Amino acid sequence: MTRFVLQMAFDGDPRRLAARPAHREHLRALHADGRLVTAGPWADDSGALHVYEVAGEAELREILRADPYTAVHGYEIALLKEWTPIL
């Protein structure tokens, strides 16, 4: 399994807020499956940070395609990088 860090930047589109409940349910399901380690928005709601544990980038891209935020173009990827934590 590989860990990835995803940093999202929100654009202020109100459609993102409308999609938030479905987005958070999507995240809860990924967490329950063990594919999402942690996730949460910045305190100013300008974006969010997610840490995934998946087989590879292709699986992560599929997860992102299924995210309700993607359907409403509610974010841009500011960073998507494989991560090797030491602690």
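**View 1. Arg 16 sits over the ring of Phe 10 in this predicted model.** The distance to the ring centre is 3.8 Å. A charge counts as over a ring if NZ of Lys or CZ of Arg is within 6 Å of the ring centre and within 35 degrees of the ring normal. Local features need pLDDT of at least 70, side-chain atom pairs count only at pLDDT 80 or more, and totals for chains, interfaces and linings use all residues. Residues are numbered from 1 along each chain as its sequence is written, and side-chain values use heavy atoms, with hydrogens and water left out.

**View 2. Phe 10 and Tyr 69 form an edge-to-face pair.** The ring centres are 5.8 Å apart and the planes meet at 85°. Pairing requires centres within 6.5 Å; planes under 30 degrees apart are stacked, over 60 edge-to-face, the rest tilted. One aromatic pair is found by this rule. Phe 10 belongs to strand β1 and Tyr 69 to helix α3 (residues 68-71), 59 residues apart. Helices (H or I, at least four residues) and strands (E, at least two) are DSSP runs, numbered from the N terminus. Both Phe 10 and Tyr 69 are buried (under 20% relative accessible area; exposed is over 50%, partly exposed in between; 1.4 Å probe, protein chains only).

**View 3. Strands β2 and β3 pair in the antiparallel sense.** Five bridges join them; pairing takes at least two DSSP bridges. Ala 39 has His 50 of β3 as its bridge partner.

Notes:
Rings of Phe, Tyr and Trp (its six-membered ring) pair if their centres lie within 6.5 Å; planes under 30 degrees apart count as stacked, over 60 as edge-to-face and the rest as tilted.
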